[in-house]
Structure formats: C-alpha cells, structure tokens
Amino acid sequence: LGQNDDDTGTNKIPDLEAKNEEEDVENELKRKEFSNEENQIGDEETRERSSKRHKLDGTEEEDDKIKNESGFKDDNEADVDKVNDEDLVASKDEGKQERTQDRDHVVTKLDVISNLVKQEFDIDGNMQKDLVDMKKLNLTADYEKWNKLSGRVNESSQRLCEQLRLLLEPTMATKLKGDYRTGKRINMRRVITYIASQYRKDKIWLRRTKRSKREYQIVLAIDNSKSMQLCGDLALESLAMISKALSKLEVGQLGVTSFGDKVDHVHSMLQPFTDASGAEIVSHFTFQQDHTCIEDGMSSILGMFENARKDLAGDTDYRQLVFFISDGRFDSAMREKLQNMIRKAMQKRQFIVLLIVEDPKQESILETKQVSFKKGSMSVSQYLDDYPFPFYVVLKDMKNLPQVLADALRQWFEIVKQDDN
C-alpha cells in the first residue's frame, strides 16, 4: 500500500508542470498580439502627423508665391493707387463740408424754434407762478384778517357761549341715567341696597336717557350789498363772535350764506367750521353788490332747512335757527312777502332773528322815517313800523352783543313757548 501511494504522488507532479507550461505559452501569445496592435496604432499616428506636415509646407509655399506677386504689383501700380486715394480724400472732404453746412442750417432753425417754445413756456410758467403767488397772498391776507377778527372777539365769544349754554338745551341723550330694572349698565351705588333688601329693590340698571349733546341746525346769513360798506367790519366781527361761540358750544351743524344780488351758500352745514373755513368765508364778503334781495336769501335757506330736517333725530321744534346780519334796509315792497315767509317758518318751528348792525357815523334805523302815498295823500311814518321781522336787535357796539343777544333770545323763546301753550 505504501508503494502505491508513492506512485500516485509521483504521477500528480508531472501533470501540474504540464499545465503551467501551457499557461505560459498562452500568455506569451497574448503579449505578442497586444504589442503588434500597439505598433500598428503608432504607425497610423505617425502617418497622420507626416501628412499634416506636408500640407503645412505646401500652404507656406503658396503664401510665399502670393506675396511675391503682390509685391511686384505694388511696385508697378503704386502711382495709380496714390492718385486714386487723393481723389477719394478730396471727394470725401467736399461731402463732409456740404453735410456740415446742412447740419449747421438745421441746427440754427432748431435753435430758433426751441427759443420761441421756451419763451412761450416761460410766459405760461410765469403767469401760473403769478397766479399761485396771488392766491397765496390772498390766502395769507384772509388768514390774517380772520385771526384779527378772532382775537378781537375772543372774550366776547366766550361770554356768549356761556349765555347760549343756558338757552340752547341739550337735545340728544348720550349719558347714562336713572334707576331701571333693565338697562345697559349696573349702577354700583344701588348694588348694596339691592343685596340688603334681599334682592327686592332691583332697579339697579342705567339707561342712556340723560341729554348731554346738542344737535341744532344754524345758519348765519350776511348782507353783501354796498349799503354794508360802513358797517361791514361790524358784520364780520359779529360773524366771528357768533360762529366761535357756537363752535365752542358744539351746537351741531353751522352754515354761512351770503345774499345781495344773488344768494351764495359760502359754508355748508355738513362741513365742520374751522379757522381755515373762516378765512375762506371772509374772502367772499366784499360788500360790492348793488341790491339786497333778502327774500331770495330767506327762501333759499328755508328750502335748505326742509331738506336737512330729516337729519335731526327726535323732536325738531325750534332746532333750526337763522341769524340774518344786515343793516336792516331793504325794499319796502317786499315786506308782505317776508311776513308770509316768516309766518310759515314759525309754523314749522323754525326760528328767525335779524341782527341789525350800524356804524356810529351813519343814521340809526331807529330814527329813519319813510314816506308812503295812500289815496293821493302823503303819510310819514317810522321805518320800523310794520317791520316784517318780529325778532330783531339793533347793535352799535360789539361789546354789548353777548348780553343783548342772550337776553333777546331768552325773551323770544319764552314768547314762543307761551304762544304754543
């Protein structure tokens, strides 16, 4: 058995050697093939390079030939080229000169046109600037005038405000008041008694039933005719005083109207009354109109009241007031018409007051007389006889206006209440 094992071992060794030899042969064959392929690739690359070199050499030779030929031509035709270049330069210079002349001519025309346009624009701009400057000057002058008027009547307007506070009662309930079983808010002073009474005294609620806000519609109507030139300053001072007092009191809506040849609502009741609106109002009163058409002003204001009555909440009795500021002199033929208009306004609970302003230099309306002819006979009477305005005040000194106007309003309101009762 030992011999057989040895024999088998010796037979295995030569087989391994034969396999290794075969592998070596195969590897050598592969290496030769790979080297042959590399050589072929290298030969192809060298061929391409050599062909490119030959091409480059050919192009260089052609360039040299062209250069030689051109040099020969330049030597032969140099004079002709120089002459042609000189002709071209001369023609170009002439064209440039003509173009520059045309351009200069066009530029001069454009300059002339632009100067004319600039002058027109300068004229328009200067006119607009002048208008703006005039408006600014007018506004500043109106502001200064209104500030002077306000400064003069500051104390008087405060006194008039306190007097009107007692006369013009609040009309709108905005504060909480009362002991109610239901309401918006609890009255804390009643809570302890409510608990102590074993929840029987249950009227502990508040409601908005206390009147604390005023809602009136007031119009100041000023005569803008020539008869007001002497007392125009008094009229504007009374306007400033009454408007400032009503604004401090917060009476509601305040409007300003001018009447003369025509009626102009200078300040609407829907707009708040400020110093700017006061300056604008003053600018409208020049006192240069020829006639005093007070009946047109009254009809316009009463029509405006009819349209604005719907804005008033609750009771509307005597919450629409008109203050006419005038010298009191107007066409006597309109007295009956004015009386009818005032009577209808009083029936609608609209209060109309005439404030007659007079300059100390002119004749008082209290001393003025009028002449009338009836059935061929002449009769002389006082101007205030059969006067259409039942409530009027004659004013000569602005210091007395707050007290006089307040006393008159108080008396008139009492008379109106008695007539209603």
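Tutor: Start with residues 1-12. Their pLDDT (the predictor's confidence in each residue, from 0 to 100) stays under 50. Where pLDDT is low, the predicted coordinates should not be read in detail.

A word on the ground rules. This is a predicted model, with residues numbered from 1 along each chain as its sequence is written. Local features need pLDDT of at least 70, side-chain atom pairs count only at pLDDT 80 or more, totals for chains, interfaces and linings use all residues, and side-chain values use heavy atoms, with hydrogens and water left out.

The protein averages a pLDDT of 76. At least 70 is the score of 67% of the residues.

Now contrast those stretches with the largest nonpolar core, which has 80 residues. Such a core is a set of buried (under 20% relative accessible area, 1.4 Å probe, protein chains only) Ala, Val, Leu, Ile, Met, Phe, Trp, Tyr and Cys residues joined through side-chain atoms within 4.5 Å. Phe324 is one of the members that touch the most others. Helix 4 (residues 232-249) gives the most to this core, with ten residues. Helices here are DSSP runs of H or I, at least four residues, numbered from the N terminus.

Look at Phe324 itself. Beyond four places in sequence, its contacts include Ala221, Phe259, Met298, Ile352 and Phe389.

Notes. Contact = heavy atoms within 4.5 Å. Buried < 20%, exposed > 50% of the residue type's maximum accessible area, 1.4 Å probe, protein only. Helix = DSSP H or I, 4+ residues; strand = E, 2+ residues; numbered from the N terminus.
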